[in-house]
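Please keep the sequence and the structure in view while reading.

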Amino acid sequence: MSTDNSFTPRSLTSSEYVRELFEPADNAAILVRNRSTGHTVQRIAKAETVASPDFQTWLANQNVGGSDVFIGMNPLKDGAHSRTKNNIKDIRHVYLDLDRNADKALEAIRDSPVVPAPNFVLDTSPGKHQVVWKVTDFGQEEAESLLHNLSTQFGGDPAATDSTRVLRLPGFVNRKLSEEFIVQARHESIAVHSPHDFTIQEDSPETPRHLSDAHGYPRSLPSEHKSQSEQDWAYAKRALARGDDPKEVIRRIADYRGDEKSDPNYYANRTVARAQEELRGERKNSHSVDEARPGQDERDVS
């Protein structure tokens, strides 16, 4: 880990943030999504171009027109036309998207002996944050394993655990909110971290209770990496099985996938409907098995 104790934390503009994340010749992915129309534009350009006044003016105009503005957290290979894992040039950052009990989670990160101090902390809305570390010597699978473990340990959004993830760009309004909120970024460290600086164990335990909402979205993930839709479907089944209101489960999923789906409510409704159908089938099969075993003893289950 490289560090400089003389560094003074400071706020960053959009252009400054881009320049801190990337080298000038790096290819950076910018995603602009209009929340009202669902229209999405992705542009891949050199970091020096993204940080330029002309590009920043275009982003500002898109933001004024109702679009959220995001940036990919790892550089892409030369000639890349899409933000896929195969197009990731190398891993420069690991990160957390803190939505629930985010102030407590950020405090836990700052006090934790198993992760270094963050390089950047973004305030994305009141009481919600994104945390970014600059890293080196990470392979893609190694980085994504760490992202999963960070999410589990500190209650981060499990959707933000892949190397192609886009996070918010500071200096622009978060259009997800009813009241205007401009995303802010603080540069808190210039250290660059290697894998041994993160000592979180594999298969981390559930998020500590003081960081989680007992009825909120789940933060633990299985050791095998499931797709986003598989994670949401598995969560819906667990929530419904324990008796959560289906409408509330739909709301949670739609809220968490609002930045990724053109119609998050439709996606959430479909996911919960599939989970309900699966649960009905499992209960029917279980009932049939019980009827076939009339002599089976009953046991109390706590």
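Helices and strands are here taken as DSSP runs, of at least four residues (H or I) for a helix and at least two (E) for a strand, and they are numbered from the N terminus. On that basis the chain holds eight helices and nine strands. The model is a predicted one. Of the 302 residues in the chain, 48% are buried. Among contacts with a separation of 6 or more, 71% are between residues 24 or more positions apart.

**The five-stranded sheet**

- Five strands form an open sheet with antiparallel pairing, in the order β1-β9-β6-β7-β5.
- The edges are held by β1 (10-12) and β5 (93-98); each has a single partner strand, so one side of each has no neighbour in the sheet.
- From one strand to the next, the twist averages 25 degrees.
- The partner of β5 is β7 (residues 128-134), to which β5 is joined in antiparallel fashion by six bridges.
- Within this pairing, D97 is found opposite Q130 of β7.

**Helices on the sheet**

- Helix α4 (residues 102-111) packs on the sheet and touches β5, β6 (120-125), β7 and β9 (184-187).
- The direction of α4 makes about 25 degrees with that of β7.
- Helix α5 (residues 140-154) lies across β5 and β7, and runs at about 30 degrees to β5.

**Two loop residues with positive phi**

- N101 is located in the loop between β5 and α4.
- Although N101 is not a glycine, its phi is positive, at about 50 degrees.
- N101 counts as partly exposed because its relative accessibility is 34%, which falls between the limits of 20% and 50%.
- D137 belongs to the loop between β7 and α5.
- D137 is likewise a residue other than glycine with a positive phi, here near 65 degrees.
- The relative accessible area of D137 is 62%, so this residue is exposed.

**Nonpolar cores**

- The largest nonpolar core comprises 52 residues.
- Y17, I71, V94, W133, L150 and L169 have the most contacts inside that core.
- Beyond residues up to four places away in sequence, V94 touches V131, V132, W133, V135, A143, L146, L147, L150 and F198.
- Another core, of 13 residues, lies apart from the largest one and includes V249, I253, A254 and A275.

- K237 is part of helix α6 (residues 228-241).
- With a relative accessibility of 15%, K237 counts as buried, since the limit is under 20%.
- Setting aside neighbours within four places in sequence, K237 has contacts with A275, E278, L279 and E282.

- Helix α3 (residues 53-64) contains 12 residues.
- From the first C-alpha of α3 to the last, the helix reaches 16 Å, close to the 16 Å expected at 1.5 Å a residue.
- F55, Q56, L59 and N63 are the buried residues of α3.
- The packing partners of the buried residues of α3 are α1 (14-21), β2 (27-34), β3 (40-46), α2 (47-50) and β4 (67-72).
- After α3 comes G66, which has a positive phi near 110 degrees.

**Strand β4, covered on both faces**

- In β4, six of the six residues are buried, and the strand is mostly covered.
- In a regular strand, side chains alternate between the two faces of the sheet.
- In β4, S67, V69 and I71 point one way, while D68, F70 and G72 point the other way, and all are buried.
- Five bridges pair β4 with β2 in the antiparallel sense.
- One of the residue pairs between them is V32 with V69 of β4.
- β4 also pairs with strand β8 (residues 166-168), again in the antiparallel sense, over three bridges.
- In that pairing, F70 has R168 of β8 as its bridge partner.

Note on methods. Residues numbered from 1 in each chain as written. Predicted model: local features only at pLDDT ≥ 70, side-chain atom pairs only at ≥ 80, totals over all residues. Heavy atoms only, no water. Pairing = 2+ DSSP bridges. Axes fitted to C-alpha atoms, helices over the stretch in contact; angles between N-to-C directions. Contact = heavy atoms within 4.5 Å. Core = buried A, V, L, I, M, F, W, Y, C linked by side-chain atoms within 4.5 Å. Buried < 20%, exposed > 50% of the residue type's maximum accessible area, 1.4 Å probe, protein only. Expected span 1.5 Å × (residues − 1).
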